[in-house]
Amino acid sequence: MSKISTRLIATSLALGLCTWSGTAHAANLNLCGGSPGGLWSLLGAGLDSAAKAADPNTTITYQTSSGGYANVVQVTKKKCDLGIIHVGEGVQATKGRTPFKSPVSDFRVLMVMYDWAPMQWIATKAFADKHGIKSLADIKAKKPAIRLILNRRGILPSQLGELNLKAAGVTLDDITKWGGKIEFQGSKNASEIMQNGRADLWANAVFVGSGKIRQAAKSVTLTLLQLPQASIDAAVKEFVAQPWTIKAGGYAWQKEAIKTHAARAVLIVAKDMPDDKAYALTKAVVTNSGKVQGVHKAMKGFTPKLMGGLTELPYHPGAIKAYK
């Protein structure tokens, strides 16, 4: 797996050298992802490795970003050649919903990166047992003082967390009114806060077996909460999530199956990227999909069938040609 470069390629952008032809000459592409060291940075490394397997002179440079909504803007404004976004974020963009003021449609999908990142509500077992909470629906009835962690504001996992609660009859104002506290943190900080015993409940959309969750479980006994059907239905309707079941044993301490929903992520480019460039990049990843599979054990399902199987957002014509 290629190392993730942290160098920006501003010089290449300024000179207009961010090109891809699939032939043996240098191509520098920058990829807007998310936080440094997170899952999306690993995907960036896998894409770089796959592109290099097709053309050793090609470099895909991962660039940190505030998340998928920002990446839609960065790609459409040509400040990033490639961007990773959640499908739900792309749908919100095309419909002009918050945070967008009007529909944004100048981007196209090259490939689905994954569709198996379930929303996980991770509670300390001590807190869940003390208040008799097994499902998100129990929070409304019990009204406990919860120290809650949601992901950073302005990205899909955080919105999903608020929506899950709202559909279960609980608002963020309710939590503070009951004496609780809410923090908005990325996975690394959230895991550390859980380990230090400074939070009772943490919500995030990540792979089952997430290292950050497993790391927290070394310091405190954890459990997963069930999602009520209303919360699942709301996520499917609002953000085109898909119903998901985390099978028992997903973690060593998880004894029963958990009903929830899963987020999906895609790689996007500007709508007007030349067809041959979109084709060559997609073809390189199709041909070398194993390079992306190798970045994380959960990525074994990354296949050409998955890559080309989205229906909610339009594909780039060059990508369609590659799949055909």
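Residues are numbered from 1 along each chain as its sequence is written. As the model is predicted, local features need pLDDT of at least 70, side-chain atom pairs count only at pLDDT 80 or more, and totals for chains, interfaces and linings use all residues; side-chain values use heavy atoms, with hydrogens and water left out.

The chain contains 15 helices and 10 strands. These elements are DSSP runs numbered from the N terminus (helices: H or I, at least four residues; strands: E, at least two). The radius of gyration is 20 Å, which agrees with the value near 20 Å for a compact globule of 324 residues. This radius is taken over C-alpha atoms, and the globule rule is 2.2 Å times the number of residues to the power 0.38. Along the principal axes, the C-alpha atoms fill a box of roughly 65 × 40 × 35 Å.

Of the 324 residues, 52% count as buried. Buried means under 20% relative accessible area, exposed over 50%, and partly exposed in between (1.4 Å probe, protein chains only). Contacts (heavy atoms within 4.5 Å) were also examined by sequence separation. Among those between residues at least 6 apart in sequence, 75% join residues at least 24 apart.

S65 lies in the loop between β2 (58-63) and α3 (68-76). S65 is buried, with a relative accessible area of 17%. Its side chain reaches the backbone nitrogen of G67 at 3.3 Å. A polar contact is a pair of N or O atoms within 3.5 Å; within protein, one must be able to donate a hydrogen and the other to accept it, and residues adjacent in sequence count only if both atoms are side-chain atoms. Leaving aside neighbours within four places in sequence, S65 is in contact with C32, G33, G34, S35, A70 and N71.

K78 is placed between α3 and β3 (82-86). Its phi is near 65 degrees, a positive value in a residue other than glycine. K78 is partly exposed, at 47% relative accessible area. V240 also has a positive phi, near 45 degrees, and is not glycine. V240 sits in the loop between α11 (229-239) and β9 (242-246). With a relative accessibility of 19%, V240 counts as buried. A cis peptide bond joins T98 and P99, with omega about 10 degrees. P99 is found in the loop between α4 (87-95) and β4 (107-124).
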